Amino acid sequence: MCNRLAHGEQVEEIWIPAPHWSSALLSSAFSPFSFSSTLVVSTCHSLVVGVVGLYIFWFDEATIADPLWGDPSFVKVNIAVSSSYLISDLFILILYWKVIGDKYYIIHHCTALYAYYFILSEGVLAYIGNFRLLAELSTPFVNQRWFFEALSYPRVSKAYVINGVLMTAVFFVMRIASIPPLYAYIYSVLGTEAYRRLGALIQCSWISSCVVLDVMNVMWMVKISKGCIKVISLFRQEKARRSLQNGKLD
C-alpha cells in the first residue's frame, strides 16, 4: 500500500506489526484503515507514559517508600492511560488481523492488561507496575526506524545507523538491564508480611506476567541486536567503498 506525499512522490508503507512513526505525518490523504496513524498514536502513548513514569520513579515518595502497598493514586493515572492504549491497539490488531495481526503482540498486550488490572482494582504493586512502564521509553527509537523505512532512507545513511544504535542501547537499558534488579527485589520480599498480604493470586500473577513479558523482551532484544550489527557492518562497508572511490579519483 502506498501513501502519496504532498509533492507527488509515493512512499511504500512497510506492513509490519511493530509500533513506528510513518509517512502518515506527511500524507495528504488517509485510507479507511491507516496503519501509520495507529503507530503515531503508539509514539505519543510511549512518550506520555514514559515521561510520567520517570517522574513517578524518581519523585513519588509514597510508592518509593513502599513499592508493594504505597499509595497508587498517581501511578493509577499512568496505568489507566497505558491500559486504554493497549485495549484500543488490541482491538485494531484483531479487527485488521490479516494486515497487522501478530500473536506476540496479542500475548504482550493481554499479559500487560492482566497485570495492570490488579494495580487498578486492588491498588497494589504500583511502583512495580510503573517500573515496567519505563520500558516504553524505548519505543520512539523503534518508531523512528520504521519512519526511515517508510521514507526509503538508505540503511547505510548516518541517521539510520545512529537511530539503530540508540534503539538497541535504550531497548537494552529499559527492557533487559532492568530484569536483574526486578527479580532481585522480588526475591528480597519473598516471605515478608507485605508480600503475604498480597495473596496467592496476585503473587503468582505478578511473577508470571513479569516472566512472560521478559521472555518476549529478550527475544526482541536478540533480533534488534542482530539487525543493529548488520546495519553497522553495511555502514562500514559503504564508508570503505566511498573512501576507495575517493582515493581512485584523487
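A residue is taken as buried when its relative accessible area is under 20%. In this predicted model, buried residues account for 45% of the 250 residues in the protein chain. The chain contains eleven helices and two strands, and its elements run β-β-α-α-α-α-α-α-α-α-α-α-α from the N terminus on. Of the contacts between residues at least 6 apart in sequence, 65% join residues at least 24 apart.

An unreviewed UniProt entry places the feature "transmembrane region" at residues 39–59, 79–97, 104–128 and 160–186. Two of these spans can be described from the model. Residues 79–97 are 95% helix and 0% strand, and the end C-alpha atoms of this span lie 26 Å apart.

Helix packing was examined for two pairs. The axes of helix α3 (residues 73–95) and α6 come within 10 Å and cross at roughly 45 degrees. The crossing of α3 past α6 is left-handed. On the α3 side the contact is formed by V75, N78, I79 and S82, and on the α6 side by A126, G129, N130 and L133. By class, four residues of this contact are nonpolar, four are polar and none is charged.

The second pair consists of α7 and helix α8 (residues 158–176), whose axes lie 8 Å apart and pack at an angle of about 155 degrees. Because angles over 145 degrees count as roughly antiparallel, α7 is roughly antiparallel to α8. This crossing, too, is left-handed. Helix α7 contributes T139, F141, V142, Q144, R145, F148 and E149 to the contact, while α8 contributes A159, Y160, N163, L166, M167, V170 and R175. The residues in the contact of α7 with α8 comprise eight nonpolar, three polar and three charged.

The loop between α6 (126–133) and α7 (139–150) holds E136. This glutamate has a relative accessibility of 14% and is therefore buried, the limit being 20%. Apart from neighbours within four places in sequence, E136 is in contact with H45, S46, V49 and R175. One of these partners, R175, also belongs to the α8 side of the contact between α7 and α8. The C-alpha atoms of E136 and V51 are 9.3 Å apart in space, although the two residues are 85 residues apart in sequence.

Backbone geometry was considered at two loop positions. Most residues other than glycine have a negative phi. L125, which is not a glycine, has a positive phi of about 60 degrees. This leucine is placed in the loop between α5 (103–122) and α6. With a relative accessible area of 8%, L125 is buried. A positive phi is also found at S152, where the value is near 60 degrees in a residue other than glycine. S152 is placed in the loop between α7 and α8. Its relative accessibility of 57% means that S152 counts as exposed, since the class begins over 50%.

Methods: Residues are numbered from 1 along each chain as its sequence is written. This is a predicted model: local features need pLDDT of at least 70, side-chain atom pairs count only at pLDDT 80 or more; totals for chains, interfaces and linings use all residues. Side-chain values use heavy atoms; hydrogens and water are left out. Helices (H or I, at least four residues) and strands (E, at least two) are DSSP runs, numbered from the N terminus. Buried means under 20% relative accessible area, exposed over 50%, partly exposed in between (1.4 Å probe, protein chains only). Contact means heavy atoms within 4.5 Å. Axes are lines fitted to C-alpha atoms, for helices over the stretch in contact, and angles run from 0 to 180 degrees between N-to-C directions. A crossing is left-handed if the near helix is turned anticlockwise from the far one by less than a right angle, and right-handed if clockwise. Ala, Val, Leu, Ile, Met, Phe, Trp, Tyr, Cys and Pro count as nonpolar, Asp, Glu, Lys and Arg as charged, and the others, Gly among them, as polar. UniProt positions are given in the numbering used here, feature names are shortened, and annotations may be inferred rather than shown by experiment. Angles under 35 degrees count as roughly parallel, over 145 as roughly antiparallel, 65 to 115 as roughly perpendicular and the rest as oblique.
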